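Let's take a walk through the charged pairs of this protein. Have the sequence and the structure open as you read.

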Amino acid sequence: MKRKYMSIITICLCVSVLAGCQETPKNSFVKQKGAANIKQYESMEESKNSFKDMLGVKEHYKNQATYENGVLVIDTDANVILPEINVMNTYSVSAKKVNQDMIDKVTNAFFEKEDKFYSTYSYNEWTKEEYQEEITRLKKYKAEGNLDPYEYGKDENGELYFNIDEMIERDEEEMKRAPEEVTKEEVKPSFGIEWISDKEEKKKEIDTDHFFGVVETKKGNYDYQISYALKPDITFKISKIREDLEDPREFSSWIEGEFLLDSEGKNYNNFSEDFIKEKINMSYEDAEKMAKEKVEKLGWDFEIYGSDYAVFYHGEGGAKEDNVLDGGYLFHFSRVLDGAPITYTSSYGGALEDMDSTLVPWSYERCDVIVGDDGIQNVEIYNPYDIGEIQTENVKLMDFESIMKIYEQMMEVSNADIAEFEKNRTYHIKKITLGYSRIYDPTKDSDTGLIVPTWDFFGGFDCENDEYSDKNSGEHSTRSFMTINAIDGTVINRELGY
């Protein structure tokens with residue numbers, strides 16, 4: 001995601017986190033979330049009635065409440081989405097074993113046998129010609145008076161972080177030692193690959209828990225990265241290498257449509273849906289088919305949970321109509337258990353309660369794929385699960401009215417000191433869903449947990465402060481502002497994962 005958008009979102013997120021760190025009042029509905037509590041779930045008798053009837057669920061829920069002398073408004077105007085089933089269970093879950101077989105599964109799913117894999121270290125070594133191209137480009141910037149071409153900004157003393165003269169001088173020295181041509185080292189995607197970090201001293205390194213590669217395919221070249229450094233988390237990232245960037249040093253990225261369509265304010269550049277569609281030169285059906293075919297090869301029972309637009313842009317200052325180079329469709333994949341999906345949210349989970357924490361976090365499973373008119377553009381796969389046995393069959397769920405009472409009280413509690421940070425904040429909750437979520441107890445084990453039914457409340461918010469004023473309608477949001485265990489009413493922190 002673009003740095004600028006992330007910085008604004010981070011400010012607002014920090015306010016929410018700080019507001020939620022106060023001691024929970026004694027009359028709160030929040031219950032103990034430890035491992036002992038999750039074993040106490042009860043089963044209920046089988047029923048032919050739907051969840052809508054059994055739990056007293058409304059198709060649409062509307063309510064507006066004002067707190068903190070008008071500073072905080074919770075505006076709920078949401079469709080309630082239920083899986084078409086009448087039974088939900090709890091399941092044991094663990095982190096899938098990370099080994100060469102897992103790496104091969106991902107590699108074979110997204111690449112073909114004839115594709116060539118090379119070490120990033122050798123493949124991306126610059127030649128004399130490439131250094132000369134950069135030197136010429138930087139001198140051109142300087143001649144035009146553009147001393148900060150990448151908009152790094154200035155330090156507290158007013159000095160530019162990016163020193164263009166030093167960079168030119170460094171490039172000229174590097175060019176003397178650079179080869180005329182690069183010798184590409186062919187490798188197999190795996191851990192334990194050796195590479196030379198210093199050619200003059202012949203110093204060697206071994207990536208014991210990383211893989212950095214470039215893949216040559218008929219449809220273009222891709223960066224392929226695998227990281228297992230933050231065990232038990234494992235990440236796979238596949239990104240198409242763009243050939244349409246005039247300056248490879250310039251920032252470029254894909255950004256989700258939800259951040260462009262729902263937001264407005266001085267910190268955002270708004271897009272119309274028609275403009276984004278014009279950048280996508282393929283049908284949704286063709287993109288969906290391509291994404292499904294690749295993901296199905298994993299054999300991990302992923303299904304499309306939802307989709308969004310995505311645009312590829314370059315340069316600082318956010319995505320604007322004049323710096324968008326491409327568009328595509330973004331597909332969020334998730335597992336479906338007995339007809340109910342594991343709810344997708346924008347939260348990655350695996351955060352720590354504080355910086356001094358010694359716990360080992362475990363982030364959520366996720367699989368996101370961006371498809372453009374010339375194929376797969378971007379893939380992110382995190383922490384695949386092994387779904388175990390049913391722990392509580394036909395688990396008893398709380399009624400909808402009780403869940404809504406918890407939601408309304410805890411939205412107030414978690415924002416109780418919002419007035420210290422903002423002049424006003426109005427939440428717009430647009431969607432309420434019942435699905436599955438993974439919880440775990442990091443004090444006991446960091447790679448096993450439980451899949452439980454949960455309610456999630458999706459939307460956006462408007463906020464105003466002396467430094468910013470932004471609005472987000474939440475219409476396309478994948479951010480859940482409240483996650484409630486549907487069995488016992490426990491409020492689950494999405495960022496922590498429990």
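Is lysine 240 buried or exposed? At 12% relative accessibility, lysine 240 counts as buried, where buried means under 20% relative accessible area, exposed means over 50%, and partly exposed lies in between (1.4 Å probe, protein chains only).

Before we go further, a word on the model: it is predicted, so local features need pLDDT of at least 70 and side-chain atom pairs count only at pLDDT 80 or more, while totals for chains, interfaces and linings use all residues. Residues are numbered from 1 along each chain as its sequence is written, and side-chain values use heavy atoms, with hydrogens and water left out.

Now back to our lysine. Lysine 240 forms a salt bridge with aspartate 374, with 3.0 Å between the closest N and O atoms; the term stands for a side-chain nitrogen of Lys or Arg within 4 Å of a carboxyl oxygen of Asp or Glu. This pair links distant parts of the chain, 134 residues apart: lysine 240 sits in strand β9 (residues 235-240) and aspartate 374 in the loop between β15 (366-372) and β16 (375-382). Helices (H or I, at least four residues) and strands (E, at least two) are DSSP runs, numbered from the N terminus. Aspartate 374 is partly exposed, because its relative accessibility is 37%.

Salt bridges that share partners also join Glu134, Arg137, Asp247 and Arg249 into one network. Over the whole structure, a search finds 26 salt bridges.

Turn next to glutamate 216 and lysine 184, whose side chains meet in a salt bridge at 2.9 Å, N to O. Glutamate 216 lies in strand β7 (residues 210-217) and lysine 184 in the loop between α7 and β5 (193-198), so this pair ties together parts that are 32 residues apart in sequence. Glutamate 216 is partly exposed, at a relative accessible area of 22%, and lysine 184 is partly exposed too, at 39%.

Glutamate 173 counts as partly exposed at 37% relative accessibility, whereas lysine 176, at 60%, counts as exposed.

Finally, find glutamate 114 in the loop between α4 (100-110) and β4 (116-119). Glutamate 114 has a relative accessible area of 45%, so it is partly exposed.
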